[in-house]
Amino acid sequence: MRIKQYRTQFIKELSPFYDAYEAESFFYLILEDKHKLRQIDLALNHELTFSDSDFTVWNSLLKELKKEIPIQYLLGKTHFYGLEFEVNENVLIPRPETEELVEWIINENLKADRTKKIKILDIGTGSGCIAISLAKNIPNAEVYAIDVSKKAIETAKRNALYNKVEVNFILQNILETEVLKCNFDIIVSNPPYVRNLEKEEIKKNVLDYEPHLALFVEDNDALIFYRKIAELAKKNLLENGQLYFEINQYLGKETKDLLENMDFKNIELRKDIYDNDRMISSKV
Ligand SMILES: C[S@@+](CC[C@H](N)C(=O)[O-])C[C@H]1O[C@@H](n2cnc3c(N)ncnc32)[C@H](O)[C@@H]1O
(Lines give C-alpha, C1' and ligand atoms only; values in the text may rest on other atoms or scores of the structure.)
Protein backbone atom coordinates (compact mmCIF):
# COMPACT_ATOMS: atom_id res chain seq x y z
CA MET A 1 0.00 0.00 0.00
CA ARG A 2 1.17 3.53 -0.71
CA ILE A 3 2.14 5.46 2.38
CA LYS A 4 -0.15 8.36 1.41
CA GLN A 5 -3.10 6.01 1.23
CA TYR A 6 -2.21 4.47 4.59
CA ARG A 7 -2.04 7.96 6.15
CA THR A 8 -5.74 8.51 5.38
CA GLN A 9 -6.63 5.15 6.93
CA PHE A 10 -4.45 5.83 10.01
CA ILE A 11 -6.10 9.20 10.71
CA LYS A 12 -9.58 7.75 10.19
CA GLU A 13 -8.97 4.87 12.60
CA LEU A 14 -7.80 7.29 15.27
CA SER A 15 -10.70 9.69 14.78
CA PRO A 16 -12.74 8.40 17.77
CA PHE A 17 -9.78 9.21 20.03
CA TYR A 18 -7.95 12.21 18.56
CA ASP A 19 -8.75 15.12 16.27
CA ALA A 20 -7.39 14.89 12.72
CA TYR A 21 -4.62 17.40 13.38
CA GLU A 22 -3.26 15.39 16.34
CA ALA A 23 -3.60 12.05 14.50
CA GLU A 24 -1.74 13.50 11.52
CA SER A 25 1.04 14.78 13.78
CA PHE A 26 1.39 11.23 15.24
CA PHE A 27 1.59 9.86 11.69
CA TYR A 28 4.49 12.12 10.78
CA LEU A 29 6.29 11.54 14.10
CA ILE A 30 6.21 7.78 13.48
CA LEU A 31 7.16 8.19 9.82
CA GLU A 32 10.23 10.18 10.78
CA ASP A 33 11.18 7.91 13.66
CA LYS A 34 10.71 4.55 11.94
CA HIS A 35 11.51 5.41 8.32
CA LYS A 36 13.55 8.62 8.53
CA LEU A 37 11.03 10.19 6.15
CA ARG A 38 9.66 13.71 6.58
CA GLN A 39 6.38 15.21 5.43
CA ILE A 40 8.19 16.86 2.52
CA ASP A 41 9.58 13.48 1.35
CA LEU A 42 6.05 12.14 1.10
CA ALA A 43 4.85 15.25 -0.69
CA LEU A 44 7.65 14.92 -3.24
CA ASN A 45 7.19 11.19 -3.82
CA HIS A 46 3.57 9.98 -3.90
CA GLU A 47 4.66 6.48 -4.84
CA LEU A 48 6.45 5.62 -1.57
CA THR A 49 5.11 2.34 -0.18
CA PHE A 50 5.24 0.30 3.05
CA SER A 51 6.46 -3.30 3.18
CA ASP A 52 4.57 -6.04 5.06
CA SER A 53 6.92 -5.79 8.03
CA ASP A 54 6.37 -2.01 8.13
CA PHE A 55 2.65 -2.67 8.51
CA THR A 56 3.21 -4.92 11.50
CA VAL A 57 5.00 -2.06 13.26
CA TRP A 58 2.42 0.57 12.27
CA ASN A 59 -0.56 -1.57 13.20
CA SER A 60 0.84 -2.33 16.62
CA LEU A 61 1.47 1.39 17.23
CA LEU A 62 -2.05 2.15 16.04
CA LYS A 63 -3.41 -0.34 18.58
CA GLU A 64 -1.45 1.33 21.40
CA LEU A 65 -2.51 4.81 20.31
CA LYS A 66 -6.15 3.71 20.50
CA LYS A 67 -5.51 2.94 24.18
CA GLU A 68 -4.37 6.59 24.41
CA ILE A 69 -0.84 5.70 25.44
CA PRO A 70 1.22 8.86 24.85
CA ILE A 71 3.11 8.80 21.55
CA GLN A 72 6.29 9.85 23.39
CA TYR A 73 6.20 6.65 25.49
CA LEU A 74 5.50 4.55 22.37
CA LEU A 75 8.49 6.02 20.55
CA GLY A 76 10.52 6.07 23.79
CA LYS A 77 11.65 9.63 23.27
CA THR A 78 10.72 13.28 23.06
CA HIS A 79 12.33 16.64 22.42
CA PHE A 80 12.88 19.34 25.00
CA TYR A 81 14.73 22.61 24.56
CA GLY A 82 16.28 21.36 21.31
CA LEU A 83 17.58 18.14 22.85
CA GLU A 84 16.38 14.55 22.61
CA PHE A 85 15.34 12.73 25.80
CA GLU A 86 14.49 9.12 26.49
CA VAL A 87 11.11 8.89 28.21
CA ASN A 88 9.32 5.92 29.72
CA GLU A 89 6.52 5.22 32.19
CA ASN A 90 8.79 6.15 35.12
CA VAL A 91 9.23 9.77 34.08
CA LEU A 92 6.93 12.64 33.28
CA ILE A 93 6.92 13.67 29.62
CA PRO A 94 8.64 17.08 29.60
CA ARG A 95 6.20 19.90 28.81
CA PRO A 96 6.61 23.06 26.71
CA GLU A 97 5.77 25.19 29.79
CA THR A 98 8.89 23.80 31.45
CA GLU A 99 10.95 24.90 28.44
CA GLU A 100 9.80 28.44 29.23
CA LEU A 101 11.16 28.10 32.77
CA VAL A 102 14.48 26.80 31.44
CA GLU A 103 14.63 29.71 28.98
CA TRP A 104 14.09 32.17 31.84
CA ILE A 105 16.94 30.66 33.90
CA ILE A 106 19.32 30.57 30.93
CA ASN A 107 18.56 34.17 29.93
CA GLU A 108 19.16 35.45 33.45
CA ASN A 109 22.31 33.48 34.07
CA LEU A 110 24.18 33.63 30.79
CA LYS A 111 24.74 37.31 31.54
CA ALA A 112 26.60 36.41 34.72
CA ASP A 113 30.41 36.34 35.00
CA ARG A 114 31.39 33.29 32.91
CA THR A 115 34.62 32.67 34.77
CA LYS A 116 32.65 32.02 37.96
CA LYS A 117 31.15 28.57 38.49
CA ILE A 118 27.34 28.54 38.94
CA LYS A 119 26.14 25.71 41.16
CA ILE A 120 22.63 24.59 40.23
CA LEU A 121 20.30 22.08 41.89
CA ASP A 122 17.20 20.67 40.15
CA ILE A 123 14.77 19.04 42.58
CA GLY A 124 12.43 16.36 41.17
CA THR A 125 14.45 15.92 38.00
CA GLY A 126 12.40 13.12 36.35
CA SER A 127 13.82 12.63 32.85
CA GLY A 128 16.53 15.15 33.75
CA CYS A 129 15.16 17.63 31.19
CA ILE A 130 15.72 20.79 33.28
CA ALA A 131 19.11 19.80 34.70
CA ILE A 132 20.48 18.59 31.37
CA SER A 133 19.24 21.60 29.37
CA LEU A 134 20.83 23.94 31.90
CA ALA A 135 24.10 21.99 31.88
CA LYS A 136 24.13 22.09 28.07
CA ASN A 137 23.41 25.82 27.79
CA ILE A 138 25.19 27.40 30.74
CA PRO A 139 28.86 26.56 30.17
CA ASN A 140 30.01 27.46 33.69
CA ALA A 141 27.23 25.52 35.43
CA GLU A 142 27.91 22.68 37.85
CA VAL A 143 24.62 20.83 37.98
CA TYR A 144 23.12 18.54 40.62
CA ALA A 145 19.74 16.83 40.37
CA ILE A 146 17.60 15.00 42.93
CA ASP A 147 14.71 12.58 42.53
CA VAL A 148 13.04 10.11 44.87
CA SER A 149 12.47 7.62 42.04
CA LYS A 150 15.36 5.23 41.33
CA LYS A 151 14.03 4.47 37.86
CA ALA A 152 13.71 8.18 37.06
CA ILE A 153 17.32 8.74 38.15
CA GLU A 154 18.46 5.84 35.94
CA THR A 155 16.61 7.35 32.97
CA ALA A 156 18.00 10.83 33.68
CA LYS A 157 21.55 9.40 33.85
CA ARG A 158 21.11 7.85 30.39
CA ASN A 159 19.80 11.18 29.10
CA ALA A 160 22.81 13.06 30.45
CA LEU A 161 25.14 10.55 28.81
CA TYR A 162 23.24 10.75 25.52
CA ASN A 163 23.35 14.54 25.55
CA LYS A 164 27.00 14.56 26.59
CA VAL A 165 26.70 16.63 29.77
CA GLU A 166 27.83 16.05 33.30
CA VAL A 167 25.12 16.13 35.97
CA ASN A 168 25.47 14.78 39.52
CA PHE A 169 22.34 12.73 40.13
CA ILE A 170 21.22 11.99 43.69
CA LEU A 171 18.53 9.56 44.82
CA GLN A 172 16.87 11.42 47.69
CA ASN A 173 13.47 12.15 49.19
CA ILE A 174 13.29 15.91 49.41
CA LEU A 175 10.41 15.83 51.90
CA GLU A 176 12.68 13.95 54.32
CA THR A 177 15.68 16.25 53.84
CA GLU A 178 16.57 18.65 56.65
CA VAL A 179 19.49 20.34 54.95
CA LEU A 180 21.20 19.92 51.57
CA LYS A 181 24.78 18.61 51.41
CA CYS A 182 26.11 21.82 49.80
CA ASN A 183 25.11 25.36 48.90
CA PHE A 184 23.85 26.52 45.51
CA ASP A 185 23.55 29.65 43.38
CA ILE A 186 20.33 28.38 41.85
CA ILE A 187 17.70 25.94 43.06
CA VAL A 188 15.04 25.02 40.51
CA SER A 189 12.10 22.69 40.79
CA ASN A 190 9.05 21.55 38.89
CA PRO A 191 7.62 19.48 41.74
CA PRO A 192 4.34 17.52 41.83
CA TYR A 193 1.55 20.12 42.01
CA VAL A 194 -1.72 18.74 40.62
CA ARG A 195 -4.41 18.46 43.29
CA ASN A 196 -6.65 15.40 43.36
CA LEU A 197 -9.59 17.76 42.85
CA GLU A 198 -8.12 18.68 39.45
CA LYS A 199 -8.08 15.03 38.32
CA GLU A 200 -11.30 15.39 36.36
CA GLU A 201 -9.75 17.93 34.01
CA ILE A 202 -6.72 15.71 33.37
CA LYS A 203 -6.82 13.79 30.08
CA LYS A 204 -6.85 9.98 30.04
CA ASN A 205 -3.42 9.78 28.37
CA VAL A 206 -1.90 11.63 31.34
CA LEU A 207 -3.99 10.09 34.12
CA ASP A 208 -3.61 6.48 33.00
CA TYR A 209 0.00 6.46 31.84
CA GLU A 210 2.15 9.18 33.43
CA PRO A 211 3.60 8.49 36.92
CA HIS A 212 1.29 9.75 39.67
CA LEU A 213 4.33 10.24 41.89
CA ALA A 214 5.37 13.02 39.50
CA LEU A 215 1.98 14.68 39.32
CA PHE A 216 -0.25 14.61 42.36
CA VAL A 217 -0.39 16.22 45.78
CA GLU A 218 -3.04 16.13 48.49
CA ASP A 219 -5.82 18.73 48.17
CA ASN A 220 -5.31 19.89 51.75
CA ASP A 221 -1.58 20.56 51.32
CA ALA A 222 -1.02 21.38 47.66
CA LEU A 223 2.09 23.47 48.29
CA ILE A 224 3.90 20.87 50.41
CA PHE A 225 6.85 20.67 47.99
CA TYR A 226 7.08 24.46 47.57
CA ARG A 227 7.20 25.03 51.34
CA LYS A 228 9.80 22.32 51.89
CA ILE A 229 12.01 23.41 48.98
CA ALA A 230 11.73 27.09 50.01
CA GLU A 231 12.83 26.11 53.55
CA LEU A 232 15.84 24.29 52.12
CA ALA A 233 16.57 27.25 49.83
CA LYS A 234 16.69 29.52 52.89
CA LYS A 235 19.43 27.32 54.36
CA ASN A 236 21.30 26.35 51.19
CA LEU A 237 21.14 29.20 48.69
CA LEU A 238 24.33 31.25 48.50
CA GLU A 239 24.26 35.05 48.79
CA ASN A 240 22.22 36.46 45.89
CA GLY A 241 21.06 32.91 45.17
CA GLN A 242 17.89 32.41 43.20
CA LEU A 243 14.96 30.02 43.56
CA TYR A 244 12.88 29.12 40.49
CA PHE A 245 9.67 27.08 40.49
CA GLU A 246 7.22 25.87 37.91
CA ILE A 247 3.81 26.27 39.55
CA ASN A 248 0.20 25.16 39.47
CA GLN A 249 -1.63 27.69 37.28
CA TYR A 250 -4.45 27.96 39.85
CA LEU A 251 -2.10 28.64 42.77
CA GLY A 252 -0.06 31.61 41.56
CA LYS A 253 -1.20 33.92 44.34
CA GLU A 254 -0.88 31.23 47.04
CA THR A 255 2.67 30.37 45.92
CA LYS A 256 3.64 34.04 45.85
CA ASP A 257 2.15 34.54 49.36
CA LEU A 258 4.10 31.54 50.64
CA LEU A 259 7.39 33.02 49.41
CA GLU A 260 6.51 36.49 50.72
CA ASN A 261 5.66 35.09 54.13
CA MET A 262 9.02 33.34 54.18
CA ASP A 263 10.68 36.68 53.47
CA PHE A 264 11.96 35.91 49.97
CA LYS A 265 12.88 39.01 47.94
CA ASN A 266 12.43 40.10 44.29
CA ILE A 267 9.51 37.75 43.78
CA GLU A 268 8.43 37.58 40.15
CA LEU A 269 5.42 35.59 38.98
CA ARG A 270 5.29 34.88 35.23
CA LYS A 271 2.68 33.52 32.86
CA ASP A 272 3.24 30.87 30.18
CA ILE A 273 2.36 31.33 26.49
CA TYR A 274 -1.22 30.28 27.28
CA ASP A 275 -1.47 33.19 29.73
CA ASN A 276 -1.58 30.98 32.82
CA ASP A 277 0.44 31.73 35.96
CA ARG A 278 3.18 29.14 35.49
CA MET A 279 6.52 30.07 37.05
CA ILE A 280 7.95 32.11 39.85
CA SER A 281 11.38 33.27 40.85
CA SER A 282 12.70 34.83 44.04
CA LYS A 283 15.89 35.60 45.93
CA VAL A 284 16.96 34.86 49.48
C1 LIG B 1 6.40 17.21 37.86
S2 LIG B 1 7.68 15.99 37.82
C3 LIG B 1 8.98 16.94 37.08
C4 LIG B 1 9.93 16.14 36.25
C5 LIG B 1 10.90 16.99 35.42
N6 LIG B 1 11.68 17.85 36.27
C7 LIG B 1 10.14 17.82 34.40
O8 LIG B 1 10.08 19.05 34.58
O9 LIG B 1 9.62 17.27 33.42
C10 LIG B 1 8.12 15.87 39.53
C11 LIG B 1 9.27 14.94 39.87
O12 LIG B 1 9.45 14.96 41.30
C13 LIG B 1 9.78 13.66 41.75
N14 LIG B 1 9.41 13.56 43.16
C15 LIG B 1 8.18 13.28 43.70
N16 LIG B 1 8.26 13.24 45.03
C17 LIG B 1 9.55 13.51 45.37
C18 LIG B 1 10.26 13.61 46.61
N19 LIG B 1 9.62 13.43 47.77
N20 LIG B 1 11.58 13.89 46.60
C21 LIG B 1 12.23 14.06 45.40
N22 LIG B 1 11.61 13.98 44.19
C23 LIG B 1 10.30 13.71 44.18
C24 LIG B 1 9.01 12.74 40.84
O25 LIG B 1 9.58 11.44 40.82
C26 LIG B 1 9.09 13.48 39.51
O27 LIG B 1 10.18 13.03 38.74
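Contact means heavy atoms within 4.5 Å. Helices (H or I, at least four residues) and strands (E, at least two) are DSSP runs, numbered from the N terminus. The model is predicted: local features need pLDDT of at least 70, side-chain atom pairs count only at pLDDT 80 or more, and totals for chains, interfaces and linings use all residues. Residues are numbered from 1 along each chain as its sequence is written, and side-chain values use heavy atoms, with hydrogens and water left out.

View 1. Helix 4 comprises the 15 residues 52–66. From first C-alpha to last it reaches 21 Å, close to the expected 21 Å; the expected span is 1.5 Å times one less than the number of residues. Asp54, Phe55, Trp58, Leu61, Leu62 and Leu65 of this helix are buried, where buried means under 20% relative accessible area, exposed over 50% and partly exposed in between (1.4 Å probe, protein chains only). Seen down the axis of helix 4, the buried residues fall within an arc of 130°, so they line one face of the helix; the arc is that of the directions from the helix axis to the C-beta atoms. An α-helix has 3.6 residues a turn, so residues three or four places apart point the same way. The cover over the buried residues of helix 4 includes helix 1 (3–14), helix 2 (20–35) and helix 5 (71–75). Exposed Asp52, Thr56 and Lys63 are carried on the face turned away from the buried side of helix 4. Just after helix 4, Glu68 takes a positive phi of about 65°.

**View 2. Helix 8 and the elements that cover it.** Residues 150–162 form helix 8, which has 13 residues and reaches 19 Å from its first C-alpha to its last, close to the 18 Å expected. Its buried residues are Ala152, Ile153, Thr155, Ala156, Asn159 and Ala160. These cover an arc of only 160° around the axis, which puts them on the same side of helix 8. Among the elements covering them are strand 2 (83–86), helix 7 (129–137), strand 4 (141–147) and strand 5 (167–171). The face turned away from the buried side of helix 8 carries exposed Lys150, Lys151, Leu161 and Tyr162.

View 3. A backbone N or O atom of Ile174 lies 2.9 Å from a nitrogen atom of the ligand, and one of Thr125 lies 3.2 Å from a ligand nitrogen atom. In the side chain of Asn190, an N or O atom is 2.8 Å from an oxygen atom of the ligand. The protein covers 96% of the 590 Å² of accessible area that the ligand has on its own; accessible areas come from the Shrake-Rupley method with a 1.4 Å probe.

**View 4. Loops on either side of strand 10.** Asp263 lies in the loop between helix 12 (252–261) and strand 10. Although Asp263 is not a glycine, its phi is positive, at about 70°. With 47% relative accessibility, Asp263 counts as partly exposed. The loop between strand 10 (265–271) and strand 11 (277–283) contains Tyr274, and Asp275 is also found between these strands. Tyr274 is exposed at 54% relative accessibility, and Asp275 is exposed at 55%. Asp275 has a positive phi near 70°.

Conventions:
Polar contact = N/O pair within 3.5 Å; in protein donor to acceptor, adjacent residues only side chain to side chain.
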